[in-house]
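Welcome, and please open your viewer. We will go from one selection to the next and say what is there.

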Amino acid sequence: MQPYFYSVSEFIAMGTHGVFVWSCWAITVGMMLIFIWYSRKQRQNLIKQLTIQQARQAQRSATVNQPPIL
């Protein structure tokens, strides 16, 4: 069994396809990082909205359960 690439520079160049392979790889990794960042941002916004909604519901139930002022 012989290795296809004998040096790191040959591996990076990949014959004449290195530009296409590495640019596709970089775009894929970049998109994955953007997706992770976007998902985390959406999660933070959802938690913030749920916290606000829960506070409003707690405030409404506190005002409903108060005895009437005489």
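Is W22 buried, exposed or partly exposed, and what is its relative accessibility? Select W22: at 29% relative accessibility, this residue counts as partly exposed. Here buried means under 20% relative accessible area, exposed means over 50%, and partly exposed lies in between, with a 1.4 Å probe and protein chains only.

Before the next stop, a word on what you are viewing. This is a predicted model, in which local features need pLDDT of at least 70 and side-chain atom pairs count only at pLDDT 80 or more, while totals for chains, interfaces and linings use all residues. Residues are numbered from 1 along each chain as its sequence is written, and side-chain values use heavy atoms, with hydrogens and water left out.

**The aromatic rings**

Now select Y4, F5, F11, W22 and W25, which form one aromatic cluster. Rings of Phe, Tyr and Trp (its six-membered ring) pair if their centres lie within 6.5 Å; planes under 30 degrees apart count as stacked, over 60 as edge-to-face and the rest as tilted. The count by this rule is four aromatic pairs. Keep F5 and F11 on screen: their ring centres are 5.6 Å apart and their planes stand at 80°, so this pair is edge-to-face. F5 is partly exposed, with a relative accessible area of 27%, and F11 is also partly exposed, at 38%.

Next, show F11 together with W22. Their rings form an edge-to-face pair, 5.6 Å centre to centre with 75° between the planes. This pair links distant parts of the chain, 11 residues apart: F11 sits in helix 1 (residues 8-13) and W22 in helix 2 (residues 18-64).

**The helices**

Switch to a cartoon view. The chain has two helices and zero strands, where helices (H or I, at least four residues) and strands (E, at least two) are DSSP runs numbered from the N terminus. Select residues 20-38, which UniProt lists as "transmembrane region" in an unreviewed entry; such annotations may be inferred rather than shown by experiment. This stretch is 100% helix and 0% strand, and its end C-alpha atoms are 27 Å apart.

**The whole chain**

Finally, zoom out. The C-alpha atoms fill a box of roughly 90 × 25 × 15 Å, taken along the principal axes. Colour by accessibility to finish: buried residues make up 3% of the 70 residues in the chain.
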